[in-house]
Amino acid sequence: MKNMSKLWLASALTAVASSPAMAQEAMSLDQRVNETFANLTGPFVSLIFAPFPGTSFPWIVMWLVVAASIFTIYFGFVQFRFFRHSIQLVKGDYSDPNDAGEVSHFQALATALSGTVGLGNIAGVAVAVGIGGPGATFWMILAGLLGMASKFTECTLGVKYRNEYPDGTVSGGPMYYISKGFKELGLPGGKILAVLFSVFCILGALGGGNMFQANQAHAQISSIVGDYPGWITGIIFAGIVFAVIVGGIKSIANVTEKVVPFMGIMYVGAALIILLVNFDMIGWAFGQIFAGAFTGLGVAGGMVGALIQGFKRAAFSNEAGVGSAAIAHSAVKTKEPITEGFVSLLEPLIDTVVICTMTALVIIISQQLIVDEATGNYMLNEAGTAIATVDGNSGVALTSAAFASGISWFPYILAIAVVLFAFSTMISWSYYGLKAWTYLFGESKTSELVFKVIFCVFIVIGAAASLGPVIDFSDAAIFAMAVVNIFCLYFLMKLVKSELGSYAARLQSGEIKKFTH
């Protein structure tokens, strides 16, 4: 399949290159898709990112940060108290393979990470640092640490209220714990809120988990092989993704448990090489991060500008509070729901605190950013020349230029990383969207196939559209999920605290023991 895809791409590119009329027609198709998409999604985006009256601060950003802070305090800084136990669970020290579920703790973590460790870590960080300056990194890290508690809360509930079927398959996520949890507590509106979340989840799957990934993958590939129509990349990606997702969660987990560690090690390894070569500048880079965090160094909007960009990118990257990861973690093999909460809190740490910080440090140390004295905004600096203002349309180009400054051939490695990141995120989000779809329309094979086809069509649309409308829609759809999810978590978090108290007491007394394999 891979060889056939390569041959098909080569022949398509040759045909387009040999026919100016065909190339012009293809590019005009991309433009029409982009304009139509922007017009359709504009009102939705404006609603989600509406600022507080009299300010430029998006209300949705504060919604996420306040929730993460409340969960952190309410559960007694659970992300730090049970960190060691989380590692033990991932290693399988407490895992019984006979427990109900479809995947192991590690596979569930890898699947959820593949949905979050994606282009938000490459293009998203570049956008945050480009607009918010180095200081945005500080707020990204803080949001990641706090978000660990949000992830813990939602993933515990995901397992607690999942549906387990006779054939061994399971379905879980916010739509199930909202409807069941509200009913258990005697609260009204659970079913309506679950349906609303499912709608937003489908939009999030088609946007941030699909179109944004395809868009930036095409951007990086075309920067290596030359410009060509985005729909070509989209069709190739759609075919490969469909071949994986047609096999369900076990097929997805088998792929992600291999792809995620490989791509993570490859990307972090390259970043470490550049940081080691420029070891003497690491202290300076952190100085820029801290100075920018509280002064808004070189950023239009000052400290608030850095804070907004940092929080926005962290939320888009690790999705803590969004509820998406709870869908993947619901498939785990366990009889203790709280254990998957412990495992899931590792995600924001790996995704945001480690990988996003690595990207930001490389961008800062490479000095690919300069300040435009006229506007005070950062600008992309390549070979000492400011070539473009860094805004939503820069994305992966800034990260590529930053790595290339230390490793000349890195853009080729980054192209591979981008493709892997995009691919893994797509297959995970296809599962999230599928579970929301089947919650609304039933779990028949036909219903599942319809969604998978729709998902793959949107891969082509995403690759053809420009980054601006795609990233706006992606953020809006994912943050809309968080509006419903966090609202419901406030009512359900006392159920998680009960689970936590019971488990912690049994763990301390020795009632819960390591499993002998």
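Colleague: Which residues does Thr352 touch, leaving out those up to four places away in sequence?
Modeller: Thr352 touches Met140, Gly144, Ala314, Ser317, Asn318, Glu347 and Thr357, where contact means heavy atoms within 4.5 Å. This is a predicted model, in which local features need pLDDT of at least 70 and side-chain atom pairs count only at pLDDT 80 or more, while totals for chains, interfaces and linings use all residues. Residues are numbered from 1 along each chain as its sequence is written, and side-chain values use heavy atoms, with hydrogens and water left out.

Colleague: Is Thr352 buried or exposed?
Modeller: Thr352 is buried, because its relative accessible area is 0%. The cut-offs are under 20% relative accessible area for buried, over 50% for exposed and partly exposed in between, with a 1.4 Å probe and protein chains only.

Colleague: And where does Thr352 lie?
Modeller: Thr352 is part of helix 17. Helices (H or I, at least four residues) and strands (E, at least two) are DSSP runs, numbered from the N terminus.

Colleague: How do the axes of helix 16 and helix 17 cross?
Modeller: Helix 16 spans residues 337–344 and helix 17 spans residues 346–365; their axes cross at roughly 10 degrees and come within 4 Å. Helix 16 is therefore roughly parallel to helix 17. Axes are lines fitted to C-alpha atoms, for helices over the stretch in contact, and angles run from 0 to 180 degrees between N-to-C directions. Angles under 35 degrees count as roughly parallel, over 145 as roughly antiparallel, 65 to 115 as roughly perpendicular and the rest as oblique.

Colleague: Which residues make that contact of helix 16 and helix 17?
Modeller: Phe342, Val343 and Ser344 come from helix 16, and Leu346, Glu347 and Pro348 come from helix 17. The contact of helix 16 with helix 17 has four nonpolar residues, one polar and one charged. Here Ala, Val, Leu, Ile, Met, Phe, Trp, Tyr, Cys and Pro count as nonpolar, Asp, Glu, Lys and Arg as charged, and the others, Gly among them, as polar.

Colleague: How many residues of helix 16 are buried?
Modeller: Eight of its eight residues are buried, so helix 16 is mostly covered. The buried residues of helix 16 include the charged Glu340.

Colleague: New topic: at what angle do helix 10 and helix 20 pack?
Modeller: Helix 10 (residues 190–225) and helix 20 (residues 445–464) pack at about 40 degrees, and their axes are 7 Å apart. They are therefore oblique to each other. The crossing of helix 10 and helix 20 is right-handed; a crossing has that hand if the near helix is turned clockwise from the far one by less than a right angle, and is left-handed if anticlockwise.

Colleague: What classes do the residues in the contact of helix 10 with helix 20 belong to?
Modeller: The contact involves, among others, Ile202, Gly209 and His218 of helix 10 and Phe451, Phe458 and Ala463 of helix 20. By class, the contact of helix 10 with helix 20 has twelve nonpolar, five polar and no charged residues.

Colleague: At what angle does helix 11 pack with helix 20?
Modeller: Helix 11 (residues 230–245) packs with helix 20 at about 155 degrees, with their axes 7 Å apart. Helix 11 is therefore roughly antiparallel to helix 20. This crossing of helix 11 and helix 20 is right-handed. The contact of helix 11 with helix 20 has 15 nonpolar, two polar and one charged residues.

Colleague: What is phi of Phe77?
Modeller: Phi of Phe77 is near 55 degrees, a positive value in a residue other than glycine. Most residues other than glycine have a negative phi. Phe77 lies in the loop between helix 3 (59–74) and helix 4 (78–81).

Colleague: Finally, how many helices and strands does the protein chain have?
Modeller: The protein chain has 21 helices and five strands. Of its 517 residues, 59% count as buried.
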